[in-house]
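Please read this report alongside the sequence and the model.

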Amino acid sequence: MEYILIIELAILIAMVLIRSAMLRRNGINAIVFGDTDKTDFFIPPIVLCFFYAMIVPIFNLPLPEILKIQFWNIDVLIYLAIVLCTVSLIWFAITLKIFGNSFRVGIDENTDEKLITSGTFALSRNPIYIAFIAFFFGVFISYPTIVTLLFLTFLSTMVHRQILREEEFLKSHYGKEFEEYSAKVRRYI
């Protein structure tokens, strides 16, 4: 079962990289991570540690035993986690399609794209982040260790931080249009 979540994680990463490559071919730099705030660069090492901890049980890699202890081991929760991760991937793929040329990893202060307010963006102002949090909540349900709990907490905190930063940018960039959109659609769900 753990292989399924690893495959889904690989699909999630591949979707971001493929979409970024497609935009790059159109002359759009979609990876602007760290351009507006250099403190973003402390995030990748933490993410890599999490990915390592995720594959530890599959390949029996070294990790302190205390970090391998699971809070529970309930088969039905593993199936629930797989469903949640799968739904999150579908939601993410739909949102990427709706995002069109506006998709960025980071804040692109030079964008001239229009504000996206339809599709999944009519349900949440941050559907990509909802997909990430739901996906990694599913990972935590399947691998309920201190490492996945800490990562989920870290991810949720970093996502909220990024959303607040993006909202400040969107207010200044789109003005009244963003304010009207914010009045109609919730930040999360």
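## Terms and basis

A residue is called buried when its relative accessible area is under 20%, exposed when that value is over 50%, and partly exposed in between, with a 1.4 Å probe and protein chains only. By this rule R125 is buried, with a relative accessible area of 14%.

This is a predicted model, in which local features need pLDDT of at least 70 and side-chain atom pairs count only at pLDDT 80 or more, while totals for chains, interfaces and linings use all residues. Residues are numbered from 1 along each chain as its sequence is written, and side-chain values use heavy atoms, with hydrogens and water left out.

Helices here are DSSP runs of H or I with at least four residues, strands are runs of E with at least two, and both are numbered from the N terminus. The buried residues of α2 are I43, V47, F50, A53, M54, V56 and I58, whereas C49 is exposed, with a relative accessible area of 52%. Just after α2 comes N60, which takes a positive phi of about 55°.

An α-helix has 3.6 residues a turn, so residues three or four places apart point the same way.

A disulfide is a pair of cysteine sulfur atoms within 2.5 Å, and a search of the whole structure finds zero of them.

## The nonpolar core

A nonpolar core is a set of buried Ala, Val, Leu, Ile, Met, Phe, Trp, Tyr and Cys residues joined through side-chain atoms within 4.5 Å. The largest one holds 48 residues, of which L12, F92, F103, F135, F136 and V139 touch the most other members. Two or more residues are given to this core by each of α1, α2, α4 (75–99), α5 (127–142), α6 (146–174) and α7 (176–184). The most comes from α6, which gives nine residues.

## On the surface

Patches are made of residues with over 30% relative accessible area and no salt bridge, where like charges are joined within 9 Å and nonpolar side chains (Val, Leu, Ile, Met, Phe, Trp, Tyr) within 5 Å. Accessible areas come from the Shrake-Rupley method with a 1.4 Å probe, and for residues only the protein chains shown count as cover. Y3, I7 and I11 form a nonpolar patch of this kind, with about 310 Å² of accessible area together. I11 is found in helix α1 (residues 2–25) and is partly exposed, with a relative accessible area of 39%.

K114 sits in the loop between α4 and α5, and at 64% relative accessibility it counts as exposed. The C-alpha atoms of K114 and L63 are separated by 46 Å, and the two residues are 51 residues apart along the chain.

## Charged pairs

Side chains of opposite charge can pair when their charged atoms come close. A salt bridge is a side-chain nitrogen of Lys or Arg within 4 Å of a carboxyl oxygen of Asp or Glu, and by this rule the count comes to eight.

What links D40, R161 and R165? These residues are joined in a network of salt bridges. R161 and D40 meet at 3.1 Å, N to O; R161 lies in helix α6 and D40 in the loop between α1 and α2, so the pair ties together parts that are 121 residues apart in sequence. D40 and R165 meet at 2.9 Å, N to O; R165 also lies in helix α6, so this pair ties together parts that are 125 residues apart in sequence. D40 is buried at 4% relative accessibility, R165 is buried at 18%, and R161 is partly exposed at 22%.

Another salt bridge joins E167 and R125, whose closest N and O atoms are 2.6 Å apart. The pair links distant parts of the chain, with E167 in helix α6 and R125 in the loop between α4 and α5, 42 residues apart. E167 is buried, with a relative accessible area of 7%.
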